[in-house]
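User: Hi! Could you walk me through this one? I'd like to ask a few quick things as we go.
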Amino acid sequence: MSLVIYIAVMAGVTYFIRMIPFAAFRRQIKSRFFRSFLYYVPYAVLTAMTIPAIFYSTGSMATAAFGTAVAVVLAYFDMPLIVVALAASAAAFSAGYFYSLF
Amino acid sequence: MKSPFVKGVLDGVPIALGYLSVSFGFGILAVRSGLTSLVSVIISASNLTSAGQAAGIAIIAAGGSYLEMALTQLIINLRYGLMSISLSQKLDSTFNSPRRLLVAYGITDEIFAVASAQKGLLTARYMYGLISVSTLGWCTGTFLGASAGQLLPTSLTNAMGIVLYAMFIAIVIPPVKKSRGVLAVTATAAICSMIFKYLLTQVSGGFAIIFSAIIAAVIGALVFPVADEEETEVTEQ
């Protein structure tokens, strides 16, 4: 088995999945149902990727839950993406440090 | 007035920072599976996908078949196809075929998320900025992880694992406050995703995301069809 072929297969399949729909859909889609569906897709995909995966993202459910809570609160108050992202990480880190004291 | 490219670069900075931490982990993993730092960076630069790459190096390490490699990538990354269809509706009129072929390379979860949250149509230059800075972060993190991963304390690398998910939360919550449709879709997607994770465990992670997203978006489209003005505000301004 060749490393070069492995990487070519990985990269090729991944690229074609992205490219084919991108190149094929040229016109505005007319169907109201399909347009509504596409409008909701981003939120549906992001949520499905985040929950419950976020609770396993730091190696400890407790620190991840704390980080998640901080992210939700800051996002609710319309904080910029980078602020929410780094604050959640800092919260998870602090929670981990706090637990390590006991 | 900032140029679209510069705006893309600036919008891509949070993605690049998140990618630094995630691809750092990938770099560590790749070296542990017996790959060199150079090969790890080549994989990152040519694939630009987290879950797909992690599965890919596992298959390489196990000496799996090329067919298995192709099918695994197809399943894990099929969600990009859905994202591509969605983004294809948001491209401005200057998006000719070469530009589409180029930008298609950079459709990742995070780039898709930031691009679809933009008001109005997307220009190629904006996408170039967004994709180039994100790719730089992804490859740099891979290189650092592959060459120096063992130097950082675990407590820090663990905490960095939440960065990208927190960014998703920051993208989803504001529209959830404003739209009952988005709220319903989000709740449905979360419930479906948990059902797949804890009850229908035979469904792989990639398919679980696709199924959850399709079910939630179909329910949203049936129960809360988007009015033209509302949609215009998001996709055509």
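Analyst: Happy to. Keep in mind that this is a predicted model.

User: Let's start with the two chains. How many residues of chain A are in contact with chain B?
Analyst: On the chain A side, 63 residues are in contact with 82 residues of chain B. The elements of chain A that give two or more residues to that side are α1 (3-24), α2 (32-50), α3 (61-76) and α4 (81-100).

User: And which one gives the largest share?
Analyst: That is α2(A), with 18 residues on the side of chain A that touches chain B.

User: Moving on to Ser86(B). Where does Ser86(B) lie, and which residues does Ser86(B) touch?
Analyst: Ser86(B) sits in helix α5 of chain B. Leaving aside residues up to four places away in sequence, Ser86(B) touches Leu38(A), Val41(A), Pro42(A) and Ser116(B).

User: Is Ser86(B) buried or exposed?
Analyst: Buried, because Ser86(B) has 24 other C-beta atoms within 10 Å, and 20 or more count as buried.

User: How do α5(B) and α7(B) run, roughly parallel or roughly antiparallel?
Analyst: The axes of α5(B) (residues 79-88) and α7(B) come within 11 Å and cross at roughly 20°. That angle makes the two helices roughly parallel, and their crossing is left-handed.

User: Which residues meet there?
Analyst: Met83(B), Ser86(B) and Leu87(B) from α5(B) meet Phe112(B), Ala115(B) and Ser116(B) from α7(B). Ser86(B) and Phe112(B) are 26 residues apart in sequence, with their C-alpha atoms 9.1 Å apart in space.

User: What about α1(B) and α7(B), how do their axes cross?
Analyst: Helix α1(B) (residues 4-32) and helix α7(B) (residues 109-116) have axes that come within 10 Å and cross at roughly 155°. That makes α1(B) roughly antiparallel to α7(B). The crossing is right-handed. Asp11(B), Ile15(B) and Gly18(B) of α1(B) meet Glu110(B), Ile111(B) and Val114(B) of α7(B).

User: New topic: α11(B). What should its span be, and what is it in the model?
Analyst: At 1.5 Å a residue, the 19 residues of α11(B) (residues 180-198) should span 27 Å. The end C-alpha atoms are 27 Å apart, which agrees.

User: Which residues of α11(B) are buried?
Analyst: Gly181(B), Val182(B), Val185(B), Thr186(B), Thr188(B), Ala189(B), Cys192(B), Ser193(B) and Phe196(B). These cover an arc of only 165° around the axis, so they are on the same side of α11(B). In an α-helix there are 3.6 residues a turn, so residues three or four places apart point the same way.

User: And what is on the face turned away from the buried side?
Analyst: That face of α11(B) carries the exposed residues Arg180(B) and Tyr198(B).

Key: Residues numbered from 1 in each chain as written. Chains lettered and ligands numbered in written order. Predicted model: local features only at pLDDT ≥ 70, side-chain atom pairs only at ≥ 80, totals over all residues. Helix = DSSP H or I, 4+ residues; strand = E, 2+ residues; numbered from the N terminus. Expected span 1.5 Å × (residues − 1). Buried ≥ 20, exposed ≤ 12 C-beta atoms within 10 Å, placed from the backbone. Arc of directions from axis to C-beta. Axes fitted to C-alpha atoms, helices over the stretch in contact; angles between N-to-C directions. Parallel < 35°, antiparallel > 145°, perpendicular 65-115°, else oblique. Left-handed = near helix turned anticlockwise from the far one by under 90°. Contact = placed C-beta atoms within 7 Å.
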